Amino acid sequence: MFDFSVVTKWVDDLLNGILSPTWATFIEFVLIGVCILTAYAVIALALIYIERKVCAFFQCRLGPNRVGPFGLLQSVADMFKMLIKEIIDIKHNDKFLFNLAPYVVIAASVLAFGCIPFGKGLHILDFNIGIFFLIAVSSIGVVGILLAGWSSNNKYSLIGAMRSGAQMISYELSIGLSILTIVIFAGSMQLSTIVESQANGWFLFRGHIPALIAFLVYLVAGTAETNRGPFDLPEADSELTAGYHTEYSGMHFGFFYLAEYLNLFIVAAVASTLFLGGWMPLHIPGWDGFNQIMDYIPSPLWFLGKTAVMIFIMMWFKWTFPRLRIDQLLRLEWKYLLPINLINLVLMVIIVVFKIHF
Amino acid sequence: MNITTYLKGFFNGLWSLLVGMKTTLRIFFRKKTTECYPENRGTLKMFDRFRGELTLIHNENNEHKCIACGICELNCPNHTIRVVSEKITDADGKTTRVLQRYEYDLGSCMFCELCTRTCPHGALAFTPTFENAVYTRSKLVLKLNREGSKLANKK
């Protein structure tokens with residue numbers, strides 16, 4: 001299996017050889033920033049295209065098929081349109097917060113994006129409380145959404161933002177607890193260690209019942225966390241026009257849009273990292289030949305494949321289930337997911353203490 | 001709420017969600033209904049009851065069944081149809097009305113089918129052609145009886 005740290009090490013040595021350490025570090029920062037932002041934009045565009053195609057297929061349509069082969073350039077064209085659109089000034093709003101909000105949202109999702117291990121050695125932020133950091137930075141997005149709703153000076157935006165805040169904060173609990181279940185099982189918060197320890201079987205299979213329950217709870221809570229259907233209350237078109245981003249136009253709206261799709265990617269990526277082994281190939285203990293063949297597939301492909309499956313499942317949710325009312329939404333979280341999660345946590349502790357896992 | 005109803009409700013809900021997901025997945029792989037219109041112009045077939053434009057049915061001998069009675073013209077709510085006829089007296093002294101021009105203004109037709117339903121001889125029909133766009137309104141006024149056509153003999 002190719003280790004990408006060879007490449008990063010080579011770049012590091014090269015820069016340190018020709019430049020002073022300060023400049024070398026600075027240039028590395030810039031390089032990594034450019035890489036992250038490029039990947040961010042490309043993944044967001046790809047996801048918008050995939051979302052439209054998947055949605056169309058669930059509705060017996062073909063989806064975008066005019067711009068480029070199979071409509072592949074459709075989201076690029078949309079992005080270009082968004083870039084050249086005017087950002088309209090709204091009267092009687094809080095200018096500073098109004099302009100700040102999209103950047104808060106996008107910064108939160110870029111930070112969370114940086115924590116994800118994309119492949120063996122392809123990891124930007126990796127330290128001993130990685131998963132904790134990831135949860136923390138991904139929750140900053142709520143602040144941005146609340147700011148957007150508040151500063152728009154629009155009742156629909158405010159209601160949308162408040163709903164969104166209530167929803168995201170409640171479901172953060174479920175996400176945190178289901179991640180905690182896996183952290184107990186892995187015995188580490190470092191993402192690279194979590195992935196490495198799944199070399200002999202993914203946590204979804206090794207942790208049997210509690211891991212499976214945690215996985216299902218994570219899926220539901222993750223869908224709610226990304227404000228997607230069936231939990232798209234903040235953007236209820238018929239009641240709130242577009243929720244917290246009603247007043248935004250041009251690229252500021254584009255930022256919300258990008259962050260929404262990237263949050264979908266991040267939630268799916270975290271799910272695949274924690275439960276499906278991240279970039280770790282499918283290994284079955286004892287089958288050495290099989291394991292070797294699986295190792296030939298590059299690790300980023302494994303990661304992206306698993307993430308794509310998770311994304312498809314979330315889109316499947318979106319286009320299958322009817323929307324929840326706000327009281328149903330909060331009841332689902334506080335009366336069902338949270339108790340299940342707490343019991344599941346105890347179950348996992350018992351399993352880890354008595355070592356009755358695989 | 002006791003514990004059994006709680007659990008029963010939970011599992012029933014979960015089951016119904018799974019059934020829903022099965023249904024949507026089946027639809028996901030179903031044949032798509034979208035028509036890629038300009039590309040499939042050659043093969044595209046509209047459904048039979050589609051009302052594209054009015055035609056006067058002609059058979060292979062360039063004969064139609066219109067007796068120029070003008071019932072369609074009277075029935076048309078929009079005055080879309082104008083039947084121009086002349087009276088011809090034949091050798092036996094019998095006077096018949098013969099169709100000269102059957103004018104139809106596609107631009108003011110509302111496709112109600114009152115003309116085809118009331119035609120006593122079944123001479124009219126709507127065809128499923130739909131590429132009717134032209135650049136001027138005058139081109140929408142069509143003459144439906146073909147050049148040199150005549151009334152089909154009654155059998």
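Helices here are DSSP runs of H or I with at least four residues, strands are DSSP runs of E with at least two, and both are numbered from the N terminus. This is a predicted model, in which local features need pLDDT of at least 70, side-chain atom pairs count only at pLDDT 80 or more, and totals for chains, interfaces and linings use all residues. Residues are numbered from 1 along each chain as its sequence is written, chains are lettered from A and ligands numbered from 1 in the order in which they are written, and side-chain values use heavy atoms, with hydrogens and water left out.

Let's start in chain A, with A:Thr223, which sits in helix H9 (residues 208-225). Its relative accessible area is 0%, so A:Thr223 is buried (buried means under 20% relative accessible area, exposed over 50%, partly exposed in between, with a 1.4 Å probe and protein chains only). What does A:Thr223 touch, not counting residues up to four places away in sequence? The list is A:Arg228, A:Gly229, A:Pro230, A:Phe231, A:Met314 and A:Phe317, where a contact means heavy atoms within 4.5 Å.

Next up is helix H13 of chain A, residues 299-318. This 20-residue helix reaches 29 Å from its first C-alpha to its last, close to the 28 Å expected at 1.5 Å a residue (the expected span is 1.5 Å times one less than the number of residues). H13(A) is mostly covered, with 14 of its 20 residues buried.

Now for a helix pair. Helix H4 (residues 95-114) and helix H11 (residues 250-275) of chain A pack at about 25 degrees, with their axes 9 Å apart; axes are lines fitted to C-alpha atoms, for helices over the stretch in contact, and angles run from 0 to 180 degrees between N-to-C directions. That angle makes H4(A) roughly parallel to H11(A) (under 35 degrees is roughly parallel, over 145 roughly antiparallel, 65 to 115 roughly perpendicular, and the rest oblique). Residues of H4(A) including A:Tyr103, A:Ile106 and A:Phe113 meet a set in H11(A) that includes A:Phe255, A:Leu262 and A:Ile266.

Backbone angles next: most residues other than glycine have a negative phi. A:Cys60, not a glycine, has a positive phi of about 65 degrees. A:Cys60 is in the loop between helix H2 (21-58) and helix H3 (74-83) of chain A. Over in chain B, B:His79 also has a positive phi, near 55 degrees, and lies in the loop between helix H2 (71-75) and strand S3 (81-89). Buried or exposed: which is A:Cys60, and which is B:His79? A:Cys60 counts as buried at 11% relative accessibility, while B:His79 is exposed at 68%.
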